[in-house]
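Please work through the exercises below with the structure at hand, trying each task before reading its solution.

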Amino acid sequence: MTRVLRRCALISAVLLSFSIAAANLETYQFDDPAKEALFRELIDELRCPKCQNQSIADSDAPLAKDLRDRTYAMVQAGASKRDVIEYMVTRYGDFAYYQPPVQTSTLVLWVLPSAVVVIGALVIVVSVRRRQTQVDDEQLTAEEQARLDALRKQD
Amino acid sequence: MTEGRAMRIAILAIPLVIFIVLVGFLLRGLFSDPTELSSALVGKPVPEFVLPDIYQPETLHDQSVLTGQVVLLNVWATWCPTCRAEHEYLNQLAAKGVAIIGLNYKDDSRAKAVNWLNTLGDPYQLNLFDEMGSVALDFGVYGAPETFLIDADGVVHYRHVGDVNERVWAGELGQRYRALVEAQSGGAS
(Lines give C-alpha, C1' and ligand atoms only; values in the text may rest on other atoms or scores of the structure.)
Protein backbone atom coordinates (compact mmCIF):
# COMPACT_ATOMS: atom_id res chain seq x y z
CA MET A 1 0.00 0.00 0.00
CA THR A 2 2.70 2.47 1.01
CA ARG A 3 4.58 1.45 -2.08
CA VAL A 4 1.64 2.38 -4.28
CA LEU A 5 1.29 5.69 -2.46
CA ARG A 6 4.94 6.42 -2.86
CA ARG A 7 4.77 5.66 -6.53
CA CYS A 8 1.76 7.97 -6.93
CA ALA A 9 3.63 10.75 -5.16
CA LEU A 10 6.62 10.29 -7.43
CA ILE A 11 4.51 10.34 -10.57
CA SER A 12 2.63 13.46 -9.52
CA ALA A 13 5.90 15.18 -8.64
CA VAL A 14 7.23 14.44 -12.12
CA LEU A 15 4.01 15.65 -13.73
CA LEU A 16 4.06 18.79 -11.59
CA SER A 17 7.59 19.63 -12.72
CA PHE A 18 6.42 19.35 -16.33
CA SER A 19 3.53 21.70 -15.72
CA ILE A 20 5.89 24.22 -14.09
CA ALA A 21 8.15 24.13 -17.14
CA ALA A 22 5.14 24.61 -19.40
CA ALA A 23 3.85 27.52 -17.29
CA ASN A 24 6.60 29.67 -18.85
CA LEU A 25 4.81 29.53 -22.15
CA GLU A 26 1.16 29.30 -21.21
CA THR A 27 0.65 33.05 -21.27
CA TYR A 28 1.31 33.27 -24.99
CA GLN A 29 -1.93 32.84 -26.93
CA PHE A 30 -1.97 32.24 -30.66
CA ASP A 31 -4.82 32.07 -33.15
CA ASP A 32 -2.54 30.84 -35.92
CA PRO A 33 -0.86 27.45 -35.24
CA ALA A 34 1.89 28.24 -37.77
CA LYS A 35 2.85 31.34 -35.77
CA GLU A 36 2.79 29.34 -32.57
CA ALA A 37 5.11 26.75 -34.11
CA LEU A 38 7.46 29.50 -35.31
CA PHE A 39 7.43 31.11 -31.88
CA ARG A 40 8.30 27.84 -30.15
CA GLU A 41 11.05 27.11 -32.64
CA LEU A 42 12.55 30.57 -32.16
CA ILE A 43 12.56 30.59 -28.38
CA ASP A 44 14.30 27.22 -28.47
CA GLU A 45 17.02 28.48 -30.81
CA LEU A 46 17.60 31.92 -29.32
CA ARG A 47 20.08 32.00 -26.51
CA CYS A 48 19.56 33.93 -23.32
CA PRO A 49 22.41 36.49 -23.14
CA LYS A 50 22.21 36.67 -19.37
CA CYS A 51 22.53 32.95 -18.73
CA GLN A 52 25.23 30.49 -19.57
CA ASN A 53 23.91 28.13 -22.20
CA GLN A 54 20.15 28.29 -21.82
CA SER A 55 17.67 29.09 -24.53
CA ILE A 56 15.20 31.88 -23.81
CA ALA A 57 12.53 29.18 -23.55
CA ASP A 58 14.38 27.46 -20.70
CA SER A 59 15.49 30.48 -18.73
CA ASP A 60 13.62 32.13 -15.88
CA ALA A 61 15.77 35.26 -16.09
CA PRO A 62 13.74 38.48 -16.48
CA LEU A 63 15.73 39.28 -19.60
CA ALA A 64 14.72 35.95 -21.16
CA LYS A 65 11.09 36.85 -20.50
CA ASP A 66 11.59 40.25 -22.15
CA LEU A 67 13.08 38.53 -25.18
CA ARG A 68 10.22 36.00 -25.29
CA ASP A 69 7.75 38.88 -25.15
CA ARG A 70 9.57 40.63 -27.96
CA THR A 71 9.70 37.44 -30.03
CA TYR A 72 5.97 36.93 -29.40
CA ALA A 73 5.15 40.48 -30.46
CA MET A 74 7.26 40.21 -33.61
CA VAL A 75 5.83 36.81 -34.61
CA GLN A 76 2.27 38.04 -34.00
CA ALA A 77 3.03 41.06 -36.19
CA GLY A 78 3.99 38.70 -39.00
CA ALA A 79 7.79 38.71 -38.75
CA SER A 80 9.65 35.84 -40.38
CA LYS A 81 12.15 33.62 -38.58
CA ARG A 82 15.02 35.49 -40.18
CA ASP A 83 13.58 38.87 -39.11
CA VAL A 84 13.51 37.86 -35.45
CA ILE A 85 16.97 36.30 -35.50
CA GLU A 86 18.41 39.36 -37.21
CA TYR A 87 16.75 41.61 -34.66
CA MET A 88 18.32 39.68 -31.78
CA VAL A 89 21.74 39.31 -33.39
CA THR A 90 22.09 43.03 -34.19
CA ARG A 91 21.45 43.74 -30.51
CA TYR A 92 23.14 40.89 -28.70
CA GLY A 93 25.66 39.67 -31.29
CA ASP A 94 26.07 36.17 -32.69
CA PHE A 95 25.93 34.91 -29.11
CA ALA A 96 22.14 35.30 -29.20
CA TYR A 97 21.59 32.54 -31.75
CA TYR A 98 22.51 28.92 -31.28
CA GLN A 99 23.74 28.59 -34.87
CA PRO A 100 26.77 30.82 -35.28
CA PRO A 101 27.49 31.99 -38.85
CA VAL A 102 30.46 30.50 -40.70
CA GLN A 103 33.28 33.05 -40.49
CA THR A 104 36.99 33.03 -39.68
CA SER A 105 36.51 33.16 -35.92
CA THR A 106 33.96 30.32 -35.92
CA LEU A 107 35.51 28.19 -38.65
CA VAL A 108 37.07 25.84 -36.11
CA LEU A 109 33.60 25.12 -34.67
CA TRP A 110 32.27 24.09 -38.05
CA VAL A 111 35.29 22.28 -39.46
CA LEU A 112 36.78 20.50 -36.46
CA PRO A 113 34.07 17.85 -35.86
CA SER A 114 34.02 16.70 -39.49
CA ALA A 115 37.83 16.90 -39.63
CA VAL A 116 38.03 14.60 -36.60
CA VAL A 117 35.67 12.11 -38.26
CA VAL A 118 37.61 12.19 -41.55
CA ILE A 119 41.00 11.81 -39.83
CA GLY A 120 39.64 8.98 -37.70
CA ALA A 121 38.31 7.19 -40.78
CA LEU A 122 41.67 7.61 -42.54
CA VAL A 123 43.53 6.19 -39.55
CA ILE A 124 41.22 3.16 -39.49
CA VAL A 125 41.52 2.57 -43.26
CA VAL A 126 45.32 2.86 -43.17
CA SER A 127 45.75 0.57 -40.18
CA VAL A 128 43.36 -2.05 -41.57
CA ARG A 129 45.20 -2.03 -44.93
CA ARG A 130 48.51 -2.38 -43.16
CA ARG A 131 47.25 -5.34 -41.17
CA GLN A 132 46.00 -6.99 -44.35
CA THR A 133 49.38 -6.69 -46.06
CA GLN A 134 50.96 -8.19 -42.96
CA VAL A 135 48.60 -11.14 -43.24
CA ASP A 136 49.53 -11.45 -46.92
CA ASP A 137 53.20 -11.57 -45.92
CA GLU A 138 52.47 -14.58 -43.81
CA GLN A 139 51.63 -16.63 -46.90
CA LEU A 140 54.17 -19.43 -47.14
CA THR A 141 56.42 -19.87 -50.13
CA ALA A 142 56.26 -23.21 -51.98
CA GLU A 143 59.51 -24.31 -50.34
CA GLU A 144 58.24 -23.49 -46.83
CA GLN A 145 54.97 -25.26 -47.55
CA ALA A 146 56.87 -28.39 -48.61
CA ARG A 147 58.88 -28.33 -45.35
CA LEU A 148 55.72 -27.87 -43.32
CA ASP A 149 54.05 -30.78 -45.03
CA ALA A 150 57.12 -32.92 -44.42
CA LEU A 151 57.12 -32.02 -40.69
CA ARG A 152 53.42 -32.82 -40.43
CA LYS A 153 53.93 -36.21 -42.02
CA GLN A 154 56.59 -37.07 -39.42
CA ASP A 155 53.90 -36.85 -36.74
CA MET B 1 66.94 4.11 -42.95
CA THR B 2 67.39 7.43 -41.11
CA GLU B 3 64.68 8.92 -43.25
CA GLY B 4 62.22 6.30 -42.11
CA ARG B 5 63.21 6.98 -38.54
CA ALA B 6 62.65 10.71 -38.87
CA MET B 7 59.25 9.97 -40.38
CA ARG B 8 58.39 7.73 -37.47
CA ILE B 9 59.36 10.38 -34.93
CA ALA B 10 57.31 12.95 -36.83
CA ILE B 11 54.25 10.69 -36.72
CA LEU B 12 54.76 10.02 -33.04
CA ALA B 13 55.05 13.77 -32.41
CA ILE B 14 51.65 14.55 -33.97
CA PRO B 15 49.59 13.58 -30.88
CA LEU B 16 51.99 15.56 -28.68
CA VAL B 17 51.57 18.66 -30.84
CA ILE B 18 47.79 18.28 -30.82
CA PHE B 19 47.88 17.86 -27.06
CA ILE B 20 49.94 21.01 -26.56
CA VAL B 21 47.63 23.05 -28.81
CA LEU B 22 44.63 21.74 -26.89
CA VAL B 23 46.21 22.61 -23.55
CA GLY B 24 46.94 26.12 -24.79
CA PHE B 25 43.35 26.51 -25.98
CA LEU B 26 41.84 25.24 -22.72
CA LEU B 27 44.24 27.29 -20.62
CA ARG B 28 43.07 30.44 -22.39
CA GLY B 29 39.47 29.45 -21.71
CA LEU B 30 40.31 29.11 -18.03
CA PHE B 31 41.16 32.80 -17.77
CA SER B 32 38.44 34.24 -19.98
CA ASP B 33 35.16 35.42 -18.49
CA PRO B 34 32.27 33.77 -20.34
CA THR B 35 29.75 36.23 -18.89
CA GLU B 36 31.43 39.16 -20.63
CA LEU B 37 30.05 39.64 -24.11
CA SER B 38 31.35 42.16 -26.57
CA SER B 39 28.65 44.56 -27.61
CA ALA B 40 27.16 44.18 -31.08
CA LEU B 41 26.86 47.99 -31.12
CA VAL B 42 30.60 48.70 -31.10
CA GLY B 43 31.45 50.87 -34.10
CA LYS B 44 27.80 51.68 -34.71
CA PRO B 45 25.76 54.78 -33.84
CA VAL B 46 23.50 54.56 -30.82
CA PRO B 47 19.97 53.35 -31.60
CA GLU B 48 17.19 55.91 -31.92
CA PHE B 49 14.97 56.35 -28.90
CA VAL B 50 12.63 58.68 -27.07
CA LEU B 51 12.55 58.39 -23.29
CA PRO B 52 11.24 60.56 -20.47
CA ASP B 53 13.51 62.27 -17.99
CA ILE B 54 13.71 60.61 -14.61
CA TYR B 55 12.82 63.79 -12.69
CA GLN B 56 10.31 65.27 -15.14
CA PRO B 57 8.09 62.62 -16.76
CA GLU B 58 6.81 65.15 -19.31
CA THR B 59 10.32 66.03 -20.56
CA LEU B 60 11.35 63.72 -23.39
CA HIS B 61 14.90 63.04 -24.55
CA ASP B 62 16.08 61.40 -27.76
CA GLN B 63 19.41 59.96 -28.94
CA SER B 64 20.81 63.46 -29.58
CA VAL B 65 21.55 63.80 -25.84
CA LEU B 66 24.34 61.24 -26.41
CA THR B 67 26.11 63.35 -29.03
CA GLY B 68 28.28 66.47 -28.92
CA GLN B 69 30.74 65.15 -26.34
CA VAL B 70 32.52 61.99 -25.28
CA VAL B 71 30.07 60.48 -22.82
CA LEU B 72 29.54 57.43 -20.67
CA LEU B 73 26.07 55.92 -20.78
CA ASN B 74 25.61 54.12 -17.48
CA VAL B 75 22.81 51.53 -17.17
CA TRP B 76 21.60 51.27 -13.58
CA ALA B 77 18.68 50.46 -11.31
CA THR B 78 17.95 50.55 -7.60
CA TRP B 79 17.40 46.76 -7.55
CA CYS B 80 20.99 46.25 -8.62
CA PRO B 81 23.46 45.93 -5.73
CA THR B 82 26.52 46.36 -7.95
CA CYS B 83 25.11 49.70 -9.10
CA ARG B 84 25.16 50.87 -5.51
CA ALA B 85 28.76 49.67 -5.22
CA GLU B 86 29.87 51.70 -8.24
CA HIS B 87 27.78 54.79 -7.50
CA GLU B 88 30.36 56.51 -5.31
CA TYR B 89 33.00 56.06 -7.99
CA LEU B 90 30.66 57.56 -10.60
CA ASN B 91 30.26 60.57 -8.28
CA GLN B 92 34.04 60.93 -8.23
CA LEU B 93 34.31 60.65 -12.02
CA ALA B 94 31.60 63.28 -12.49
CA ALA B 95 33.45 65.59 -10.11
CA LYS B 96 36.54 65.15 -12.31
CA GLY B 97 34.52 66.35 -15.29
CA VAL B 98 33.59 63.03 -16.95
CA ALA B 99 30.23 63.36 -18.70
CA ILE B 100 27.90 60.55 -17.59
CA ILE B 101 24.34 60.00 -18.73
CA GLY B 102 22.16 57.54 -16.86
CA LEU B 103 19.81 54.95 -18.29
CA ASN B 104 17.54 53.78 -15.51
CA TYR B 105 16.73 50.20 -16.46
CA LYS B 106 13.37 48.67 -15.45
CA ASP B 107 13.43 50.13 -11.98
CA ASP B 108 10.82 49.24 -9.36
CA SER B 109 9.48 52.79 -9.39
CA ARG B 110 10.42 56.27 -10.46
CA ALA B 111 10.17 57.49 -6.85
CA LYS B 112 12.66 54.88 -5.68
CA ALA B 113 15.16 55.88 -8.38
CA VAL B 114 14.80 59.60 -7.62
CA ASN B 115 15.19 58.90 -3.93
CA TRP B 116 18.42 57.00 -4.63
CA LEU B 117 19.83 59.96 -6.56
CA ASN B 118 18.81 62.36 -3.79
CA THR B 119 20.46 60.33 -1.04
CA LEU B 120 23.55 58.92 -2.81
CA GLY B 121 24.28 61.91 -5.04
CA ASP B 122 23.60 62.42 -8.75
CA PRO B 123 26.65 62.00 -11.00
CA TYR B 124 24.51 62.08 -14.15
CA GLN B 125 24.13 65.05 -16.50
CA LEU B 126 20.69 63.65 -17.12
CA ASN B 127 18.89 60.41 -16.54
CA LEU B 128 16.67 58.50 -18.96
CA PHE B 129 13.83 56.51 -17.47
CA ASP B 130 13.40 53.21 -19.33
CA GLU B 131 10.52 51.66 -17.47
CA MET B 132 9.92 48.71 -19.84
CA GLY B 133 13.56 48.15 -20.72
CA SER B 134 12.81 48.47 -24.42
CA VAL B 135 15.56 50.99 -25.14
CA ALA B 136 17.99 48.92 -23.07
CA LEU B 137 17.04 45.99 -25.31
CA ASP B 138 17.96 48.07 -28.36
CA PHE B 139 21.32 48.71 -26.72
CA GLY B 140 21.79 44.98 -26.14
CA VAL B 141 21.83 45.43 -22.39
CA TYR B 142 21.70 42.09 -20.59
CA GLY B 143 22.25 43.17 -17.01
CA ALA B 144 23.12 46.07 -14.81
CA PRO B 145 25.40 47.86 -14.42
CA GLU B 146 26.71 48.31 -17.93
CA THR B 147 28.61 51.33 -19.19
CA PHE B 148 28.86 52.36 -22.84
CA LEU B 149 31.58 54.68 -24.10
CA ILE B 150 30.16 56.95 -26.81
CA ASP B 151 32.03 59.55 -28.86
CA ALA B 152 30.85 63.04 -29.86
CA ASP B 153 29.23 61.66 -33.03
CA GLY B 154 27.16 59.24 -31.01
CA VAL B 155 29.12 56.16 -32.08
CA VAL B 156 29.58 53.41 -29.50
CA HIS B 157 33.26 52.57 -28.91
CA TYR B 158 33.19 50.16 -26.01
CA ARG B 159 30.90 48.47 -23.52
CA HIS B 160 31.95 47.60 -20.00
CA VAL B 161 29.91 45.01 -18.10
CA GLY B 162 30.01 45.20 -14.31
CA ASP B 163 30.85 48.02 -11.93
CA VAL B 164 33.11 50.91 -12.80
CA ASN B 165 35.83 51.32 -10.22
CA GLU B 166 39.40 52.54 -9.92
CA ARG B 167 40.82 49.39 -11.50
CA VAL B 168 38.43 49.53 -14.45
CA TRP B 169 39.10 53.23 -14.95
CA ALA B 170 42.84 52.53 -15.02
CA GLY B 171 42.11 49.68 -17.45
CA GLU B 172 40.51 49.49 -20.86
CA LEU B 173 37.42 51.65 -20.26
CA GLY B 174 39.39 54.58 -18.80
CA GLN B 175 42.19 54.27 -21.35
CA ARG B 176 39.75 54.32 -24.24
CA TYR B 177 37.89 57.28 -22.71
CA ARG B 178 41.07 59.30 -22.28
CA ALA B 179 42.26 58.47 -25.80
CA LEU B 180 38.90 59.57 -27.24
CA VAL B 181 38.84 62.82 -25.28
CA GLU B 182 42.38 63.56 -26.39
CA ALA B 183 41.63 62.79 -30.04
CA GLN B 184 38.50 64.88 -29.98
CA SER B 185 40.06 67.92 -28.29
CA GLY B 186 43.08 67.61 -30.62
CA GLY B 187 40.77 67.57 -33.63
CA ALA B 188 38.84 70.62 -32.43
CA SER B 189 41.84 72.88 -31.78
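This is a predicted model, and its chain B is divided into domain 1, covering 1–32, and domain 2, covering 50–188. Between the centres of domain 1 of chain B and domain 2 of chain B, taken over C-alpha atoms, lie 48 Å.

**Exercise 1.** Determine the order of the strands in the open sheet of chain B, and find which strands form its edges.

Solution. Step one is to read the sheet across its five strands, which gives the order β5-β4-β3-β6-β7 (chain B) with mixed pairing. Step two is to look for strands that pair on one side only, and these edge strands are β5 (126–130) and β7 (156–161) of chain B. From one strand to the next, the twist averages 20 degrees.

**Exercise 2.** Trace how β4(B) is joined to β3(B) and to β5(B).

Solution. Starting with β3(B), five bridges join this strand to β4(B), and the two run parallel; here Trp76(B) stands opposite Asn104(B). Together with α2(B), these two strands make a right-handed β-α-β unit. Moving on to β5(B), this strand also runs parallel to β4(B), with five bridges joining them, and Leu103(B) stands opposite Leu128(B). A right-handed β-α-β unit is made here by β4(B), helix α3 (residues 110–120) of chain B and β5(B).

**Exercise 3.** Explain why β4(B) is largely enclosed by the rest of the structure.

Solution. First, sort the residues by direction: Ile100(B), Gly102(B) and Asn104(B) point one way, while Ile101(B), Leu103(B) and Tyr105(B) point the other way.

Key
Residues numbered from 1 in each chain as written. Chains lettered and ligands numbered in written order. Predicted model: local features only at pLDDT ≥ 70, side-chain atom pairs only at ≥ 80, totals over all residues. Heavy atoms only, no water. Pairing = 2+ DSSP bridges. Helix = DSSP H or I, 4+ residues; strand = E, 2+ residues; numbered from the N terminus. Axes fitted to C-alpha atoms, helices over the stretch in contact; angles between N-to-C directions. Domains from an automatic or database assignment. Buried < 20%, exposed > 50% of the residue type's maximum accessible area, 1.4 Å probe, protein only. Right-handed = clockwise from strand over helix to strand, strands pointing away.
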